[in-house]
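Please open the structure in your viewer and keep the selection tool at hand.

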Amino acid sequence: MSGTPARTDAATAAAVVCLGESMVTFLPSRPGRLADVPSFDRGIGGAESNVACALAAAGHRTAWVGRVGADGFGDHLVEAISAYGVDTSAVRRDPARPTGIYFRTATDRGTDVHEVAYYRAGSAASAMSPSNAPYDALFAGRVLHLSGITAALSADCLALLHELTAPRPWRPLVSFDVNHRPGLWRDAGASPAVLLDLARRADLVFVGEDEAEEAWGIAGTEAIRAALPEPAVLVVKRGAEGATVFSRGAGAADTVTDVPALHVDVVAAVGAGDAFAAGFLSATLRGLPVRDRARHGHLMAAAVLTVPGDLTDPPARDRADRLVALDDTDWGRLRLGPGWTGDDTEVRTT
């Protein structure tokens, strides 16, 4: 692309614009192998649209930009995402390609028995490219949120991410979740270098300590920061241990902030990474300190971990703020289980 995209009026622009593939997801009616599950409930799933929906539920103006088929599943996706309050006006419909779908088991994604069956090859989203991207919409917000999943969909999708992460003085803050998914890449050997390059072009990066080791063979938060020196903010997620945030201002040295995770009675370990990113971005938009950004990420993740699907309503902002403001001892004693986000639900302590 060339030139500067037209800017949307600040009063109506989304604060965060998320680009990526969203799919119709079929959630099992009971635990077991896909071969044994008799029925499924329909939902929606997609890392970037999950972030957009969670941010909208938290009270922010958000937009999701994607590409879906001119089919019933595409209708459902656009309607369901719009119902969260997300702007979907820049979503494109593809008459020649279908909307992606997938089925998954109820078990934790990190276990050997977890199964996911994707039907997304040749999907409408895989046709996103620099030649058909709605740049005015993509660059309209304060934040543009992307993930490594999009890079795996096709060569055109990767080219689009390179275009969107190119250094420009007028670009919004670029947020990038590495989201290493080896099974999506046609050339799995290429993914580590591609994802590292994209992450180094972003301003804010989310990466799991485990996926950094799997993708790049890098262990430890300091080593991950050494491999990703460019982003002003690097969030290394350490699972149940919490998160380490490296942050710096212009020309300043890093400030390192360790924020412990919460004790959570997990119902399903899906969507937590997207929810964490949404909580962190929400607090970033509000100008909160780094520790509070990570704590809001942990709370948003805990909301999703205590429900079966990828999305749920977050706790009310004033309630989340009260929890975030707890001292380190009281924060460490919190224990969150199903239903904890309800206004009248008492939060337990250990």
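Begin with helix α6, whose buried residues pack against α4 (148-153), α5 (155-164), β10, β11 and α7 (209-216). Contact here means heavy atoms within 4.5 Å. Helices (H or I, at least four residues) and strands (E, at least two) are DSSP runs, numbered from the N terminus.

Before going further, note that this is a predicted model, in which local features need pLDDT of at least 70 and side-chain atom pairs count only at pLDDT 80 or more, while totals for chains, interfaces and linings use all residues. Residues are numbered from 1 along each chain as its sequence is written, and side-chain values use heavy atoms, with hydrogens and water left out.

Now select Ser191, Val194, Leu195, Leu198 and Ala199, the buried residues of α6. A residue is buried under 20% relative accessible area, exposed over 50% and partly exposed in between (1.4 Å probe, protein chains only). On which side of α6 do they lie? They are on the same side of α6, because they cover an arc of only 130 degrees around the axis; the arc is that of the directions from the helix axis to the C-beta atoms. An α-helix has 3.6 residues a turn, so residues three or four places apart point the same way.

Next, select Asn179, in the loop between β10 (173-177) and α6 (191-200). Asn179 is not a glycine, yet it has a positive phi of about 45 degrees. Its relative accessible area is 7%, so Asn179 is buried.

Move to strand β1 (residues 16-19), which is covered on both faces: Val16 and Cys18 are buried on one side, Val17 and Leu19 on the other. In a regular strand the side chains alternate between the two faces of the sheet. Display the neighbouring strands as well. Over 4 bridges, β1 pairs with strand β4 (residues 62-65) in the parallel sense; two strands pair if DSSP finds at least two bridges between them. Val17 has Ala63 of β4 as its bridge partner. Strand β9 (residues 143-147) also runs parallel to β1, joined to it by 3 bridges, and there His145 stands opposite Cys18.

Which residues have the most contacts inside the largest nonpolar core? Select Phe206, Val235, Leu262, Phe280 and Leu299 to see them; this core has 58 residues. A nonpolar core is a set of buried Ala, Val, Leu, Ile, Met, Phe, Trp, Tyr and Cys residues joined through side-chain atoms within 4.5 Å. Helix α10 (residues 290-305) gives the most to this core, with 9 residues. A second, separate core of 46 residues includes Tyr135, Val178, Trp185 and Ala215.

The last stop concerns rings. Rings of Phe, Tyr and Trp (its six-membered ring) pair if their centres lie within 6.5 Å; planes under 30 degrees apart count as stacked, over 60 as edge-to-face and the rest as tilted. By this rule there are 10 aromatic pairs. One of them, Tyr135 with Phe139, is stacked, at 6.3 Å centre to centre and 10 degrees between the planes. Phe206 and Phe276 form an edge-to-face pair, because their planes stand at 85 degrees, with the centres 6.4 Å apart. Phe206 lies in strand β11 (residues 204-208) and Phe276 in helix α9 (residues 272-285), so the pair ties together parts that are 70 residues apart in sequence. Finally, select Phe26, Phe40, Phe73, Phe103 and Tyr119, which ring pairs link into a cluster.
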